[in-house]
Amino acid sequence: MLTALWKKKISEEKVANIFVNTIFNMVENSFADVAEVINSDPEFEQRPKISSNDYSKFLLIILSGNLELLTNHFLEGKDDRIRALIYPKLAQIFEISEEKVKELIKENQSYMKRVNYPSKNVHYAMSKAIFFKYKLNDFQKEYFKNLDTPNPIFLKHLDDLVEQFIINWEDFQEKYKVTD
């Protein structure tokens, strides 16, 4: 209880900046490693050959998933206010309108829910979206390819990988108190 008194105060604007910078830095600095891990996974019959520069789909999935997860960590409308501060930053980076950014994120979140149905676990939805967006079914053993579903062993590897790209808001909130 007393630890809340010593938390550093941070504005929602600063949280939005941290969100955008963290996601972009994580993806840009480590997608080559992600591609290599996927390309060399022993569960594939053939190597997918994902290029180390082909991270746009991955970035959109990571952004969409982390934006969805804000709701689990910020109450009383803070999640909506933080999202509202994030969208213009993304629009500027992508050089498209804020409405287009919202549309892309919404479409991607909807896609993630569809490929992960009936589960509502966002983390797993991110993994399945990566699997399908990068057309990894084409490289699986015949059994899973015919089922059009990820090999559960590979999916577990992908879940472990994706976990590294989910912002740890619990640790963040232990150190900071978010203010308006």
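Helix H5 packs against helix H7 (residues 152–163) at an angle of about 115 degrees, and their axes lie 9 Å apart. That makes H5 roughly perpendicular to H7, because angles of 65 to 115 degrees count that way. The model is a predicted one.

**H5 against H7**

- The crossing of H5 and H7 is right-handed.
- On the H5 side, the contact uses His-123, Tyr-124, Met-126, Ser-127, Lys-128, Ile-130 and Phe-131.
- On the H7 side, their partners are Phe-154, Leu-155, Leu-158, Asp-159, Val-162 and Glu-163.
- The residues of this contact of H5 with H7 divide into eight nonpolar, two polar and three charged.

**H1 against H2**

- Helix H1 (residues 12–39) packs with helix H2 (residues 56–69) at about 140 degrees, and the two axes are 10 Å apart.
- H1 is therefore oblique to H2.
- This crossing of H1 and H2 is right-handed.
- H1 brings Phe-19, Ile-23, Phe-24, Val-27, Phe-31 and Val-34 to the contact.
- H2 brings Phe-58, Leu-59, Ile-62, Leu-63, Asn-66 and Leu-67.
- Sorted by type, the residues of the contact of H1 with H2 are 11 nonpolar, one polar and no charged.

**Salt bridges**

- Side chains of opposite charge can pair when their charged atoms come close.
- In this model the count of salt bridges comes to 14.
- One of them joins the side chains of Asp-79 and Arg-83, with 3.6 Å from N to O.
- Asp-79 and Arg-83 both sit in helix H3, four residues apart, which is about one turn of the helix.
- Both Asp-79 and Arg-83 are buried.
- Arg-83 also forms a salt bridge with Asp-80, where the closest N and O atoms are 3.0 Å apart.
- Arg-83 and Asp-80 lie three residues apart in helix H3, again about one turn of the helix.
- Why does Arg-83 count as buried? Its relative accessibility is 12%, and buried means under 20%.
- In helix H4, the side chains of Lys-100 and Glu-103 meet in a salt bridge of 3.7 Å, N to O.
- Lys-100 and Glu-103 are three residues apart, about one turn of the helix.
- Lys-100 counts as partly exposed because its relative accessibility is 35%.
- Glu-103 has 38% relative accessibility, so Glu-103 counts as partly exposed.
- Elsewhere, salt bridges that share partners join Glu-12, Lys-78, Arg-81 and Asp-180 into one network.

- Leaving out residues up to four places away in sequence, Lys-89 touches Glu-13, Ala-16, Asn-17 and Val-20.
- Asn-29 is found in helix H1.
- Asn-29 counts as exposed because its relative accessibility is 63%, and exposed means over 50%.
- Asn-29 and Lys-49 are 20 residues apart in sequence. In space, Asn-29 and Lys-49 are 19 Å apart, C-alpha to C-alpha.

**Backbone spots to look up**

- Most residues other than glycine have a negative phi, and most peptide bonds are trans.
- Which two residues does a cis peptide bond join? They are Tyr-117 and Pro-118, and omega is about 10 degrees.
- Pro-118 has its place in the loop between helix H4 (98–116) and helix H5 (122–133).
- Glu-95 is not a glycine, but its phi is positive, near 55 degrees.
- Glu-95 is found in the loop between helix H3 (78–94) and H4.
- At 72% relative accessibility, Glu-95 counts as exposed.
- Lys-135 is not a glycine either, and its phi is positive at about 55 degrees.
- Lys-135 lies in the loop between H5 and helix H6 (142–147).
- The relative accessibility of Lys-135 is 56%, so Lys-135 counts as exposed.

Terms used
Residues are numbered from 1 along each chain as its sequence is written. This is a predicted model: local features need pLDDT of at least 70, side-chain atom pairs count only at pLDDT 80 or more; totals for chains, interfaces and linings use all residues. Side-chain values use heavy atoms; hydrogens and water are left out. Helices (H or I, at least four residues) and strands (E, at least two) are DSSP runs, numbered from the N terminus. Buried means under 20% relative accessible area, exposed over 50%, partly exposed in between (1.4 Å probe, protein chains only). A salt bridge is a side-chain nitrogen of Lys or Arg within 4 Å of a carboxyl oxygen of Asp or Glu. Contact means heavy atoms within 4.5 Å. Axes are lines fitted to C-alpha atoms, for helices over the stretch in contact, and angles run from 0 to 180 degrees between N-to-C directions. Angles under 35 degrees count as roughly parallel, over 145 as roughly antiparallel, 65 to 115 as roughly perpendicular and the rest as oblique. A crossing is left-handed if the near helix is turned anticlockwise from the far one by less than a right angle, and right-handed if clockwise. Ala, Val, Leu, Ile, Met, Phe, Trp, Tyr, Cys and Pro count as nonpolar, Asp, Glu, Lys and Arg as charged, and the others, Gly among them, as polar.
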